[in-house]
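User: I have a structure open and would like to go through it bit by bit. Can you take my questions as they come?
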Amino acid sequence: MELEQDRRNFLRMSTVVGAGMLLPQGGSLAAWGRSQEKAQEEKDEEVPATEDLMREHGVLDRVLLIYEEVARRIAEKNMFDPKLVAKSAQVVRDFIENYHEKDEEEFLFPRFEKAGKLVDLVTVLREQHIAGRRVTDAIEGLATLSSLKSEPGRRRLLQNIHTFLRMYRPHAAREDTVLFPAFRSVVSPQEYDAIGEEMEKKEQQLFAGDGFEKAIDQVAKIEKALGIYDLAKFTPR
């Protein structure tokens, strides 16, 4: 029994000493443990690549709701500040087209094409990115007071908004339910993690911080100005 107890004590001390040898000079096991816990927490908080893309679609969805409200007001000939449409189009341009879609075009589409999977879908999605940018240009150009005061201007703005809505609803839905879930099948786990890190670095560089949070803040301000921010208003009575 004494020999067994001595062996256990020796193993326990060996573990502590071995861990201590890996600590920085002047460090302690407690501090080392806290640093390890913090590193694990930060790792747990990292958003996987496709999950990040899906939540970015949430920004797009909220812009689509703004466009739907604008379309309703145009149809009912209710005036609103056209700057709200221009600001919405700018969110689409900056966050969706120049960031989110560029990530898809750089990190996802080529890997599906190389693997020979979902190539037809990727081809259509790429074409729709190009088409969407043309429609955004048109919406932004028509988001003026002079356009809203003329029947042809209102009609053209309404037509382009409907075009944008009609394309991006199925576009985002197909990516969320088909493309993104299949992405892990064309890359290794290590490559998947590395892509997520690259996307995170790109976001930090482009937006000098969390681009998602900034985009959400911009969208929320537009929603409040249009009176559609309060989610309870959408509940059927």
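User: Where is Ala 208 placed?
Analyst: Ala 208 is in the loop between α8 and α9. Helices here are DSSP runs of H or I with at least four residues, strands are runs of E with at least two, and both are numbered from the N terminus. Bear in mind that this is a predicted model: local features need pLDDT of at least 70, side-chain atom pairs count only at pLDDT 80 or more, and totals for chains, interfaces and linings use all residues. Residues are numbered from 1 along each chain as its sequence is written, and side-chain values use heavy atoms, with hydrogens and water left out.

User: Is Ala 208 buried or exposed?
Analyst: Ala 208 counts as exposed, at 66% relative accessibility. Buried means under 20% relative accessible area, exposed means over 50%, and partly exposed is in between, with a 1.4 Å probe and protein chains only.

User: What about the phi of Ala 208?
Analyst: Ala 208 has a positive phi of about 50 degrees, although it is not a glycine. Most residues other than glycine have a negative phi.

User: Which other residue has a phi like that?
Analyst: Leu 118 is not a glycine, and its phi is positive, about 50 degrees. Leu 118 lies in the loop between α4 and α5 (119-142). With 31% relative accessibility, Leu 118 counts as partly exposed.

User: Stepping back, how many helices and strands does the chain have?
Analyst: The chain has nine helices and zero strands. Of its 237 residues, 38% are buried.

User: How do α4 and α8 cross?
Analyst: The axes of helix α4 (residues 82-115) and helix α8 (residues 189-207) come within 12 Å and cross at roughly 155 degrees. The axes are lines fitted to C-alpha atoms, for helices over the stretch in contact, and angles run from 0 to 180 degrees between N-to-C directions. α4 and α8 are therefore roughly antiparallel to each other. Angles under 35 degrees count as roughly parallel, over 145 as roughly antiparallel, 65 to 115 as roughly perpendicular and the rest as oblique.

User: And which residues make that contact?
Analyst: On α4 they include Asp 94, Phe 95 and Asn 98, and on α8 they include Glu 191, Ile 195 and Glu 198. Contact means heavy atoms within 4.5 Å.

User: Different topic. How many aromatic pairs are there?
Analyst: The structure holds seven aromatic pairs. Rings of Phe, Tyr and Trp (its six-membered ring) pair if their centres lie within 6.5 Å; planes under 30 degrees apart count as stacked, over 60 as edge-to-face and the rest as tilted. One of the pairs is Tyr 67 with Phe 164, which is edge-to-face, at 5.4 Å centre to centre and 80 degrees between the planes.

User: Where do Tyr 67 and Phe 164 lie?
Analyst: Tyr 67 lies in helix α3 (residues 49-75) and Phe 164 in helix α7 (residues 151-182), so the pair ties together parts that are 97 residues apart in sequence. Tyr 67 is buried, at 0% relative accessibility, and Phe 164 is buried, with a relative accessible area of 1%.

User: Which kind of pair do Phe 164 and Tyr 168 form?
Analyst: That pair is tilted, because the ring centres of Phe 164 and Tyr 168 are 4.5 Å apart and their planes are at 35 degrees. Both residues lie in helix α7, four residues apart, about one turn of the helix. Tyr 168 is buried, with a relative accessible area of 1%. Tyr 67, Phe 164 and Tyr 168 form one aromatic cluster.

User: Which ring has the charged end of Arg 55 over it?
Analyst: The charged end of Arg 55 sits over the ring of Phe 212, 4.2 Å from its centre. A charge sits over a ring if NZ of Lys or CZ of Arg is within 6 Å of the ring centre and within 35 degrees of the ring normal. Lys 224 lies over the face of Tyr 229, at 4.7 Å from the ring centre.

User: Last one: is Glu 223 buried or exposed, and what does it touch?
Analyst: Glu 223 is buried, with a relative accessible area of 5%, and is found in helix α9 (residues 211-226). Leaving aside neighbours within four places in sequence, Glu 223 is in contact with Arg 62, Ile 66, Ile 228 and Tyr 229.
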